[in-house]
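Here are some notes to read alongside the model. Please keep the 3D view open and find each residue as you go.

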Amino acid sequence: MNEHSVRNVETETLRVAYVEYGPVDGWPVILTHGFPYDVRAFDEVAPILAKAGARVIVPYSRGFGPTRFVSDDIMRSGQQAARGRDIIQLADALDLESPILAGFDWGGNASCVAAALWPERIGGLVSYAGYDIINVSEQRHPATPALERVCWYQHLFQTERGRECLAQHRRDLCRLLWEEWSPGWQFDQATFDRTATSFDNPDFVNVVIHCYRHVFGLEIGEPALQALEDRLTQQPAIAVPTVTLDGARDPLKPGGTADHARRFIGPHEHRVIDTGHNLPQQEPQAFADAVMKVREWLCWRR
């Protein structure tokens with residue numbers, strides 16, 4: 001169980017809340033969660049890495065838990081360029097040199113974005129669901145009907161009815177997603193409740209809704225980030241050492257992401273784990289092992 005006290009650091013846009021494990025002078029790792037999860041997804045991963053000598057930073061993403069925007073004037077954006085930049089600004093604020101980024105869901109997306117756009121700041125990457133940079137222009141076209149059905153929540157969020165549903169029924173909706181995305185995972189109510197408090201963040205609904213509307217190309221993003229979004233549309237290759245992960249029972253990624261290998265032009269390994277979408281919480285040792293593999297590559301290069 002994660003009983004670490006919550007710390008805060010201020011960046012250009014956020015007062016980021018995070019928990020920290022391991023020695024202050026350890027090799028740096030940033031573990032980033034997705035929607036609808038929070039830092040508790042790494043309760044068992046982080047201690048494994050800390051025991052191996054890592055300084056592990058686990059931030060609450062924008063719109064989750066105690067993380068807050070520094071001003072009412074800042075757009076409550078959920079777009080990928082904003083979330084990728086958040087990781088870089090967090091690393092800068094904490095003086096982390098060449099951290100390994102590891103994430104899943106939104107966290108995998110944001111970590112891939114950070115590694116692709118700012119490779120000089122990143123040591124290596126662990127990404128659940130392969131090359132997870134979204135090509136917004138492609139999202140205007142449909143996936144297979146079976147996958148569109150799995151993504152029902154994304155379609156719901158395009159409407160004001162969906163915003164109201166998330167605002168009024170956020171816990172029921174998010175628990176349903178946990179159950180659907182990780183079939184067979186027998187988590188108890190207490191486990192879900194420890195994370196669900198993060199959905200009470202006053203910006204949660206706005207950030208989530210903007211994320212999925214921007215992905216569909218139906219809402220504009222921050223004008224200052226448009227140049228970064230344009231670069232992401234080009235699907236830039238990722239050069240830092242990377243381990244990619246798939247959950248064999250994840251309905252969001254039918255068939256897996258092994259075919260993403262060509263997007264990684266540095267050392268790369270792909271692993272498939274017999275689990276659902278929330279891999280770090282379901283199989284923490286496998287997630288930690290992937291981080292340790294990237295660490296091993298980095299040590300060889302020195």
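1. Let's start with W106, which counts as buried because its relative accessibility is 6% (buried means under 20% relative accessible area, exposed over 50%, partly exposed in between, with a 1.4 Å probe and protein chains only). Y212 is buried too, with a relative accessible area of 6%. Please remember that this is a predicted model, in which local features need pLDDT of at least 70 and side-chain atom pairs count only at pLDDT 80 or more, while totals for chains, interfaces and linings use all residues. Residues are numbered from 1 along each chain as its sequence is written, and side-chain values use heavy atoms, with hydrogens and water left out.

2. How many aromatic pairs does the structure hold? There are 25 aromatic pairs (rings of Phe, Tyr and Trp, the last by its six-membered ring, pair if their centres lie within 6.5 Å; planes under 30 degrees apart count as stacked, over 60 as edge-to-face and the rest as tilted). W106 and Y212 form a tilted pair, because their ring centres are 6.1 Å apart and their planes stand at 50°. This pair links distant parts of the chain, with W106 in helix α3 and Y212 in helix α8, 106 residues apart (helices are DSSP runs of H or I with at least four residues, strands are runs of E with at least two, and both are numbered from the N terminus). W178 and W185 have ring centres 5.3 Å apart and planes at 25°, so this pair is stacked. Both W178 and W185 are buried.

3. Now look at Q154 in helix α5. Is Q154 buried or exposed? Q154 is buried, because its relative accessible area is 12%. Its side chain makes a polar contact of 3.0 Å with the side chain of Y153 (a polar contact is a pair of N or O atoms within 3.5 Å; within protein, one must be able to donate a hydrogen and the other to accept it, and residues adjacent in sequence count only if both atoms are side-chain atoms). Leaving aside residues up to four places away in sequence, Q154 touches Y212 and F216 (contact means heavy atoms within 4.5 Å).

4. Y131 sits in the loop between β7 (124-128) and α4, and it is buried at 6% relative accessibility. The side chain of Y131 reaches two backbone oxygens: that of P236 at 2.5 Å and that of Q235 at 3.4 Å. H260 is 129 residues away from Y131 in sequence, yet their C-alpha atoms are 5.9 Å apart.

5. The largest pocket holds about 1200 Å³ (on a 1 Å grid over the protein atoms alone, a pocket is an open set of points with protein on both sides within 12 Å along at least five of seven lines, a cavity is a set where a 1.4 Å probe fits but cannot get out, and lining residues have an atom within 4 Å of a point; grid points are joined across faces, edges and corners, and a volume is the space filled by probe spheres set on the points). This pocket is lined by 37 residues, with D132, I134, Q139, L147 and K253 nearest its centre. The count of cavities of 30 Å³ or more comes to one, and the largest cavity has about 140 Å³ of space. Helix α2 (80-93) gives the most to the lining of the largest cavity, with four residues.
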